[in-house]
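Work through the exercises below with the model open. Try each task before reading its solution.

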Amino acid sequence: MGFIANDFDQNSQQTDIAAVVRNGTEILFQGFNWEAYKYDWWKNLDSNIPDIANSGFTSVWLPPPTQSLAPQGYAPQNLYSLNSAYGSEDVLKALLQKMKQHRVRPMADIVINHRVATTQGRGGTFNRYDGIPLRWDEHAVTSCTGGLGNKSSGDNFHGFPNIDHSQPFVRKDITAWLQWLRNNVGFQDFCFDSQKGNCLFKFNNLYAAKYVKGYIEGAKPIFSVGEYWDSCKYNGTILEYNQDSHRQRIINWIDATSQLATAFDFTTKAILQAAVKGEYWRLRDSQGKPPGVMGWWPSRAVTFIDNHDTGSTQAHWPFPSNHIMEGYAYILTHPGIPSVFYDHFYDWGNSIHDQIVKLISIRKRHGIHSRSSIRILEAKQNLYSALIEDKLCMKIGDGSWCPDTREWNLATSGHRYAVWQKIWD
């Protein structure tokens with residue numbers, strides 16, 4: 001499918017939930033970290049919106065906006081209350097309006113695997129939702145987490161009542177809530193939280209992708225991404241070279257949403273953060289392609305370096321800190337849908353911020369998109385290099401490499417990375 005210019009009419013996206021995926025020019029920004037709730041976050045982020053927009057980001061992933069027993073937002077209870085630890089409803093709506101004015105789409109973090117109950121029901125378990133909107137009884141909770149609903153459609157999160165999405169009344173209510181977020185509150189994109197959590201690092205849960213499909217069809221977000229974090233293959237503590245089964249499971253989840261959702265490319269993160277430690281040979285699979293979801297289905301692969309779980313103060317699975325810019329040089333020049341983490345962009349100093357902005361500018365100027373062609377030129381112990389769309393070439397690692405300077409000039413460079421652009425006659 002051909003590349004579409006980045007400035008096409010966003011109004012067409014309101015009714016076509018696949019438009020931006022076809023467009024292929026999305027660049028996401030995760031606009032929070034694990035400690036964000038401590039810092040009057042909606043107001044804090046408001047001051048950065050002009051810079052975020054000018055840097056070239058198209059969508060900003062915000063933390064869960066609803067009332068929650070945990071300040072980070074991942075223990076939701078009253079889904080219709082927008083007064084959270086991040087700020088009041090009025091300040092949130094002002095932030096969303098400012099984002100709209102700057103043509104940056106707000107993405108809501110959708111936490112609907114579990115919900116904190118208000119009342120004890122049958123069996124003495126907290127499994128009812130009395131006194132708040134969405135007044136569900138015990139049948140809204142899966143039987144394996146203390147309710148009278150059906151068995152979970154996936155793994156359980158043992159800590160809160162898990163929502164039984166097989167119940168028609170539950171799906172109807174959640175769809176109406178998502179429509180409210182979309183049409184009344186002002187969110188345009190959705191991130192479906194923790195479709196599967198890595199049992200080594202994070203809670204393990206999963207509600208079937210077919211329900212995500214229904215929620216997307218019902219609420220019609222412009223863009224959707226799911227967080228399907230599964231365990232990679234290891235030989236002891238060593239990451240195995242072939243991670244095809246890992247990326248296939250992510251692809252299967254995307255496919256089960258009828259291709260309406262994208263997914264975070266955890267396969268690429270795992271391989272890339274191992275590769276930058278002097279194993280760049282990992283970045284070419286047995287077929288000569290990138291080894292993550294990016295290599296098989298780039299238009300649905302959201303590539304990233306870290307997020308609020310893997311990095312931040314949780315640091316469950318952090319990218320090597322002295323190789324961060326190599327990581328961004330890789331994902332911001334390659335196919336896929338790149339995402340930048342708040343901490344790296346705003347908390348790691350002006351130099352990192354400006355280097356990322358430069359890479360985004362180069363990506364946009366040369367029309368690199370999610371489906372861009374790629375030819376891997378080198379992938380060995382201390383060096384990786386690639387040609388993208390015959391417009392850019394790049395290298396990471398401390399190995400020496402550069403293209404023919406009669407055809408290419410240096411676009412940008414930094415610690416252990418460089419990017420060149422084609423010289424056109």
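Predicted model: local features only at pLDDT ≥ 70, side-chain atom pairs only at ≥ 80, totals over all residues.

Residues are numbered from 1 along each chain as its sequence is written, and side-chain values use heavy atoms, without hydrogens and water.

**Exercise 1.** Find which residues of helix α7 are buried, and where they lie around its axis.

Step 1. Helix α7 covers residues 244-256. Helices are DSSP runs of H or I with at least four residues, strands are E runs of at least two, and both are numbered from the N terminus.
Step 2. Buried means under 20% relative accessible area (1.4 Å probe, protein chains only). His246, Arg247, Ile250, Ile251, Trp253 and Ile254 qualify.
Step 3. These buried residues fall within an arc of 155 degrees, taken from the directions from the helix axis to the C-beta atoms, so they line one face of α7.
Step 4. An α-helix has 3.6 residues a turn, so residues three or four places apart point the same way.

**Exercise 2.** Explain why helix α8 is largely enclosed.

Step 1. Take residues 266-275.
Step 2. 10 of the 10 are buried, so the rest of the structure largely encloses α8.

**Exercise 3.** Identify the strands that pair with β14.

Step 1. Pairing requires at least two DSSP bridges between two strands.
Step 2. β13 runs antiparallel to β14, with six bridges. Arg375 partners Leu387.
Step 3. β15 is also antiparallel to β14, over five bridges. Here Ser385 stands opposite Lys395.
Step 4. Check the turns. Two residues link β13 to β14 in a hairpin. Three separate β14 from β15, and Glu389 there has a positive phi of about 60 degrees.

Note on methods
Buried < 20%, exposed > 50% of the residue type's maximum accessible area, 1.4 Å probe, protein only. Expected span 1.5 Å × (residues − 1).
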